[in-house]
Amino acid sequence: MTHGTQVRAAIVGSTGYGGVELIRLLAAHPNVTVTSVVSSSNAGTLYSEGYPHLIEIVTDTLDAIDPELIKSKADVVFLATPHGVSTKLAPSLLDAGLKVIDLSGDFRLKDTDVYAQWYKKEAPETSYLDRAVFAMSELFGDEVKGADFISNPGCFPTATTLGLYPAVKAGWIDPDTIIIDSKTGVSGGGRGLSMANHFSEVNENFKAYKVGQHQHTPEIEMILSRAAGRPVTTTFTTHLVPMTRGIMSTMYATLTDKSRTSSDFNELYRQFYEGRRFVRVRPVGTYPATKEVYGSNYCDIGMNVDARTGRITIISVIDNLVKGAAGQAIQNLNLMMGWDETLGLLFTPVYP
Ligand SMILES: NC(=O)C1=CN([C@@H]2O[C@H](COP(=O)(O)OP(=O)(O)OC[C@H]3O[C@@H](n4cnc5c(N)ncnc54)[C@H](OP(=O)(O)O)[C@@H]3O)[C@@H](O)[C@H]2O)C=CC1
Ligand SMILES: CC(=O)N[C@@H](CCC(=O)OP(=O)(O)O)C(=O)O
């Protein structure tokens with residue numbers, strides 16, 4: 001599996017935004033070498049033709065999707081492919097003996113009917129679904145060590161549930177009252193051009209989308225239900241804002257004990273995330289902005305209790321391409337391999 005400590009990685013969907021972010025981050029990882037960049041549509045061409053910023057840095061030619069070829073070049077495969085593709089690809093890669101980390105939503109939901117309902121696609125085969133470990137690093141990281149198949153969380157569920165989990169788990173907020181208002185940058189939609197992420201549609205604009213229909217709703221509910229120890233449903237709305245990277249989730253909920261203060265919650269969160277470098281709980285009275293995590297694997301959280309209304313407002317931010325995708329996938333690789341979870345990921349946010 002390893003050569004010394006070196007793991008060889010292949011990236012399927014390497015030409016997309018998640019794939020190119022994996023390349024950027026893995027270039028700084030001491031234990032991983034990217035040995036195969038894979039494309040379903042451009043095999044045989046130079047990778048840097050599609051990404052001139054990587055000229056003379058990534059000199060590889062794109063490989064075709066061939067499990068045996070990938071197995072000959074790599075130990076672990078990242079799937080940064082659209083929903084529905086991993087369902088078909090992951091089984092053959094696992095059968096070839098590769099470890100797989102899937103960035104798509106295909107293997108996150110264990111109920112096949114729920115997947116089919118929200119993703120409008122046929123669910124993966126149950127035996128492979130059962131094998132996939134859903135890995136929100138800070139919440140379920142203990143389940144990842146030694147796994148051979150990881151399902152990486154979605155970007156909105158990452159920002160949202162890291163912000164809500166400690167309060168729900170402690171029983172300090174009523175899970176039935178939670179309302180989640182999320183905003184995302186355009187890169188969340190991937191590199192493929194659609195009318196929705198056309199410059200003229202996004203610039204100077206701010207719009208809600210997939211209202212009541214977002215595919216991340218059942219994933220958020222699955223995680224909050226684990227925290228609450230009973231089924232939880234929630235109201236979740238996404239908005240597209242004119243920025244490239246970043247997600248902000250603003251969450252509202254009613255307190256179960258109205259005497260608790262912002263300081264009480266702040267202390268609860270600090271204790272819950274103690275020792276987890278990538279979650280930064282902001283001091284009472286301060287709130288994170290997306291730019292403060294730009295290009296980094298951090299999730300920053302701030303909260304305010306309003307004694308007047310008996311409600312809490314929790315604000316959580318991530319970079320959708322890092323903590324929301326490639327960064328957390330690498331964090332999960334680290335946990336899977338039994339390495340320090342921060343390996344290769346301790347870079348500062350890009351500012352300004
Ligand atoms: N963008 C984000 O912020 C986040 C994305 N994700 C998830 O990560 C995955 C990748 O997203 P993202 O990088 O944004 O998407 P992109 O659209 O930017 O890239 C997806 C890539 O997948 C490849 N691809 C398309 N069809 C197929 C196919 N049939 N078989 C194999 N490869 C295919 C394409 O490359 P080629 O034609 O060269 O094969 C394409 O470049 C998605 O599942 C997405 O939901 C998760 C969290 C956040
Ligand atoms: C702007 C935009 O369209 N964002 C996407 C982000 C989802 C995504 O990336 O998908 P997974 O995290 O499920 O893999 C969306 O809202 O559907």
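Visitor: Which residues does Gly-16 touch, not counting residues up to four places away in sequence?
Guide: Gly-16 touches Ala-80, Gly-190 and Arg-191. Keep in mind that this is a predicted model.

Visitor: What makes these count as contacts?
Guide: The cut-off is 7 Å between C-beta atoms placed from the backbone. Ala-80, Gly-190 and Arg-191 are in contact with Gly-16, so their C-beta atoms lie within 7 Å of that of Gly-16.

Visitor: Why is Gly-16 called buried?
Guide: A residue is buried if 20 or more other C-beta atoms lie within 10 Å of its own. Gly-16 has 20 such neighbours, so Gly-16 counts as buried.

Visitor: Where does Gly-16 lie?
Guide: In the loop between strand 1 (7-12) and helix 1 (17-26).

Visitor: How far apart are Gly-16 and Gly-192 in sequence and in space?
Guide: They are 176 residues apart in sequence. C-alpha to C-alpha, the gap is 8.0 Å.

Visitor: Which residue does UniProt give as "active site"?
Guide: Cys-155, in an unreviewed entry. Cys-155 lies in helix 8, residues 155-170.

Visitor: Is Cys-155 buried or exposed, and why?
Guide: The threshold for buried is 20 or more neighbours. Cys-155 has 27 C-beta neighbours inside 10 Å, so Cys-155 counts as buried.

Visitor: What is Cys-155 in contact with, leaving aside its neighbours within four places in sequence?
Guide: Gly-188, Ile-247, Asn-320, Gly-324 and Ala-325.

Visitor: Which residues does UniProt list for the "Semialdehyde dehydrogenase NAD-binding" domain?
Guide: Residues 8-147, again from an unreviewed entry. Over residues 8-147 the chain is 36% helix and 16% strand. The end C-alpha atoms are 17 Å apart.

Conventions: Residues numbered from 1 in each chain as written. Chains lettered and ligands numbered in written order. Predicted model: local features only at pLDDT ≥ 70, side-chain atom pairs only at ≥ 80, totals over all residues. UniProt positions renumbered as here; feature names shortened; annotations may be inferred. Helix = DSSP H or I, 4+ residues; strand = E, 2+ residues; numbered from the N terminus. Buried ≥ 20, exposed ≤ 12 C-beta atoms within 10 Å, placed from the backbone. Contact = placed C-beta atoms within 7 Å.
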